[in-house]
Amino acid sequence: MAAVQQLYRFSGLNGLARKISTNSQPILYSNWSSSCSWRVRIALAIKDIDYEIKPTSLLKTVSDNAYTEEYRKVNPLQKVPALKIDGHKLCDSVAIMHYLEETRPQPALLPQDPVKRAKVREIVELICSGIQPLQNSSVLELIGKEQSLKWAQHWIARGFQGLEQVLSQSAGRCCVGDDLTMADICLVPQVRNARRYKADLTPYPTINRLNEDLQELELFRATHPRTQPGCPPDLPKNN
C-alpha cells in the first residue's frame, strides 16, 4: 500500500499548527527548499489565507515525490509549487500570485499606479524568468556536478547586475516604493538561492539592504524554508 502523504495546516502568519486530514482548505504542494514554493507561501501569508500543505520531494528516492503519475495529474511539469484552490489547480508560482491578487485583491500585491505596477512585473520577470530558471536544480543536474556551481554563480551574477541597477532606481523601503509587492515576494527567495550557491553578493548594496529589511518581517520568517516540513533539523542558520 502506498504511503499516505502527510497534510499540514498553515494559518495566516501563525505557521505550522497541526497535522490534519480534512480537504476543506486550499492545498499547496510545496518543497521546503524550493524558492518558487516560498514565493507562494509568502503570498498566501500576505493574503491571510489558511491552507493545507503537502510536502512534495524533488528527489525520486523519497516518498511523496514530484515524479509520480499521481502528482503529474496535479502538475503536468512535475515541479513545485502547485495549488488547489477554489476548485482549480494552478501550477506556476507567478500565475498563482496573480490569481490570488485577482480573486482576493486585498491586501494588494500590485500597486494601483500603472507605471509602478509595470515595474513590479518587470522585477518579477527578471527574477522568475531571467535568473532562477538558469540555476534550478533540474538544470544543474544536466550541467553536471563539476560545473554546476560555476554555472549557477555565473547566471546569478549576471542577473543580479541588472537587477541591482533596476532596484537602485525603483526601491524605497521595498523593491518598488514603500509598499510590499510581488517583487519583494520574489526577491527574498532568490537571494537565498544566491547564498546557497555561494554567489558573491557584495556588489549589490540595494539587493542586500532590501533582503535584510524584508526578512525582519514576520511573514517572511514564518514562511522561511527552516519552518517547513521536510527541512533538515541541522540546516545552517544562514541558509
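This is a predicted model: local features need pLDDT of at least 70, side-chain atom pairs count only at pLDDT 80 or more; totals for chains, interfaces and linings use all residues.
A polar contact is a pair of N or O atoms within 3.5 Å; within protein, one must be able to donate a hydrogen and the other to accept it, and residues adjacent in sequence count only if both atoms are side-chain atoms. Residues are numbered from 1 along each chain as its sequence is written, and side-chain values use heavy atoms, without hydrogens and water.

**Helix α1**
- Helices (H or I, at least four residues) and strands (E, at least two) are DSSP runs, numbered from the N terminus.
- Helix α1 covers residues 35-46, and its end C-alpha atoms are 17 Å apart.
- Buried means under 20% relative accessible area, exposed over 50%, and partly exposed in between (1.4 Å probe, protein chains only).
- In α1, 12 of the 12 residues are buried, so the helix is largely enclosed by the rest of the structure.
- The cover over these buried residues includes β3 (27-30), β4 (51-55), α3 (93-103), α4 (114-128), α7 and α9.
- After α1 comes D48, with a positive phi near 55°.

**T223**
- T223 lies in the segment after α9 (218-222).
- T223 counts as buried, because its relative accessibility is 4%.
- Its side chain reaches the backbone oxygen of F220 at 3.4 Å.
- Beyond four places in sequence, T223 is in contact (heavy atoms within 4.5 Å) with W38, R41, I42, A45 and Q228.

**Aromatic rings**
- Rings of Phe, Tyr and Trp (its six-membered ring) pair if their centres lie within 6.5 Å; planes under 30 degrees apart count as stacked, over 60 as edge-to-face and the rest as tilted.
- The whole structure has three aromatic pairs.
- One of them is F160 with Y204, edge-to-face, at 5.6 Å centre to centre and 85° between the planes.
- F160 lies in helix α6 and Y204 in the loop between α7 and α8, so the pair ties together parts that are 44 residues apart in sequence.

**Cysteines**
- A disulfide is a pair of cysteine sulfur atoms within 2.5 Å, and the structure holds zero.
- The sulfur of C36 is 6.8 Å from the closest cysteine sulfur, in C128, which is too far for a bond.

Terms used:
The expected span of a helix is 1.5 Å times one less than its number of residues.
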